[in-house]
Amino acid sequence: MQRQYLKLEKIEGPLIVLKGVDDVSYDEMMDIEIEGKEKRRAKVVRIQGDKVIAQVFEGTTGISTQNAAVTFTGTPLEVSLSKEILGRTFNGVGEPIDGADPIITDKKYNVNGRPMNPVSRQYPRDYLETGISAIDTLTTLIRGQKLPIFSSNGLTHNQLAAQIVRQAKLKNSDEKFAIVFAGMGIKHDDYDFFKSAFEESGASSRVVSYINLADAPIVERISTPRTALTAAEYLAFEEGMHILVVMTDITSYAEALREISSAREEVPSRKGYPGYLYSDLSTLYERAGMIKDKKGSITLIPILTMPNDDITHPIPDLTGFITEGQIVLSRDLFQKNIYPAINILPSLSRLMKDGIGEGYTRDDHDQVQSQLFALYSRVIDVRSLSQIIGEDDLTPIDRIYMQFGREFEQKFLSQRFDESRTIEQSLDIAWDLFKMFPKVELDRLESKYIDKYGRW
């Protein structure tokens, strides 16, 4: 028989404290009944002797130390999963918010996931096409990779996320593919934008969404990415599907973590974030990957907004340590009305070298992306020089670089929100831009590729 606790020690923000508790485990779920009517759920976050501290998912408003009856369930937070979740929308703890029925299944999964044995991991190889030139050509996304997008407040990361969800596909493959979208602390108008973007494009049937709105409890925000990744693991490793997980906004998640940590009176670290922020983020990011002898894969694109455009802030800083590259959005390009405003120079994909070239994308891909980086890097230097001496006093070759910079941003980086380019189209645009230069400047390209694709 389950023991029921009829008195709380104290209430602090979203936390409740009980004393005289035994036989309880960390992360165990609790049922709270308020005055015999309303029911809420909570999760154990700390155990100190016979004292237990728990987070209440729906908040502690209306709860007093005398009016709540608490029962421990003996299980962690679990979510019901089946293939029927595709096309559905749930909140951060897996409850439907789309007006449809709950998922009826015997399969319930712990949202904390199953650790992936490093020895059983398979090295990511195959290329995943997003239809966006700057990503596919210069920071190629590989199946099983974790590649974050570093954005800032006011930039177009939501549009970019929606475009990736709408356009992403496996290249030259008929294998099953789906997308898990996790929104953490997103505003109602952003939620409406994502919902309409998925429905209008017809992509909603292959997308399962887990949404935590800005006015929802912050405790739910902590569970949202874990619930989404649990769904991804089920679809990938039990249903044999290739899954792309898009999560926004990791900054909202980290701030919720900071708020909970402060309520628990933990010693803060950099900028007030808990000292375990790195290990907590790693429990999310490291759930992406591929497993030997399993058909499916999980590819992860976490999106975060850098406070004050500071890439050294703890959230992007720690994320960069864990993940395999980054895509950085630029406010300068955004102010030039360029979408997507991807700054290619600080952006990189550490796994792209093993997933591009002949048999994956196209034989000239590696040298084309190397040449584009080299040319655009020179463009930045020439622009700095022109601000000192003026563009009219530049050498003829430097004026070509200035013109290349403008056309590269307008023709290659920039594309419409509803425009999907194949990798071949993106590479062909690059070759058209190379024609501006004398061949002596194209020192990253072998002559066989110039002869094959140059068409001078």
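## Ground rules

Because this is a prediction, local features need pLDDT of at least 70 and side-chain atom pairs count only at pLDDT 80 or more, while totals for chains, interfaces and linings use all residues. Residues are numbered from 1 along each chain as its sequence is written, and side-chain values use heavy atoms, with hydrogens and water left out.

## Two annotated stretches

Let's start with what the UniProt record says. An unreviewed entry labels residues 131–349 "domain: ATPase F1/V1/A1 complex alpha/beta subunit nucleotide-binding", and residues 354–453 carry the label "domain: ATP synthase A/B type C-terminal", also from an unreviewed entry. These positions are given in the numbering used here, feature names are shortened, and annotations may be inferred rather than shown by experiment.

Over residues 131–349 the chain is 40% helix and 25% strand, with its end C-alpha atoms 16 Å apart. Residues 354–453 come out at 62% helix and 0% strand, and there the end C-alpha atoms are 22 Å apart. Helices (H or I, at least four residues) and strands (E, at least two) are DSSP runs, numbered from the N terminus.

## The open sheet

Now for a sheet with 7 strands. It is open, it is paired antiparallel, and its order is β1-β7-β4-β5-β6-β3-β2. β1 (4–5) and β2 (10–12) sit at the edges with a single partner strand each, so one side of each has no neighbour in the sheet. Two strands count as paired if DSSP finds at least two bridges between them.

Take β1 as an example: 2 bridges link it, in the antiparallel sense, to strand β7 (residues 68–76). Tyr-5 has Val-70 in β7 as its bridge partner.

## A buried strand

How many of the residues of strand β15 (residues 177–186) are buried? The count is 10 of the 10, so β15 is largely enclosed by the rest of the structure. Buried means under 20% relative accessible area, exposed means over 50%, and partly exposed is in between (1.4 Å probe, protein chains only).

β15 runs parallel to strand β17 (residues 242–248), joined by 7 bridges, and Gly-183 pairs with Thr-248 there. Another 7 bridges join β15 to strand β16 (residues 207–213), again in parallel, with Val-180 opposite Val-208. To get from β15 to β16, the chain goes through helix α3 (residues 188–201) in a right-handed β-α-β crossover. Right-handed means that, with the strands pointing away from the viewer, the path from the first strand over the helix to the second runs clockwise.

## The largest pocket

Rolling a probe the size of a water molecule over the atoms shows where empty space is left. On a 1 Å grid over the protein atoms alone, a cavity is a set of points where a 1.4 Å probe fits but cannot get out; a pocket is an open set with protein on both sides within 12 Å along at least five of seven lines, and lining residues have an atom within 4 Å of a point.

The largest pocket holds about 420 Å³ of space. It is lined by 24 residues, and those closest to its centre are Asn-153, His-157, Asp-249, Ser-252 and Thr-305. Which helix gives the largest share of this lining? That is α5, with 5 residues.

## The cavity

The whole structure has 1 cavity of 30 Å³ or more, and the largest cavity has a volume of about 50 Å³. Its lining includes Asp-27, Lys-43 and Arg-226. Helix α4 (residues 218–237) gives the most to that lining, 3 residues. Grid points are joined across faces, edges and corners, and a volume is the space filled by probe spheres set on the points.
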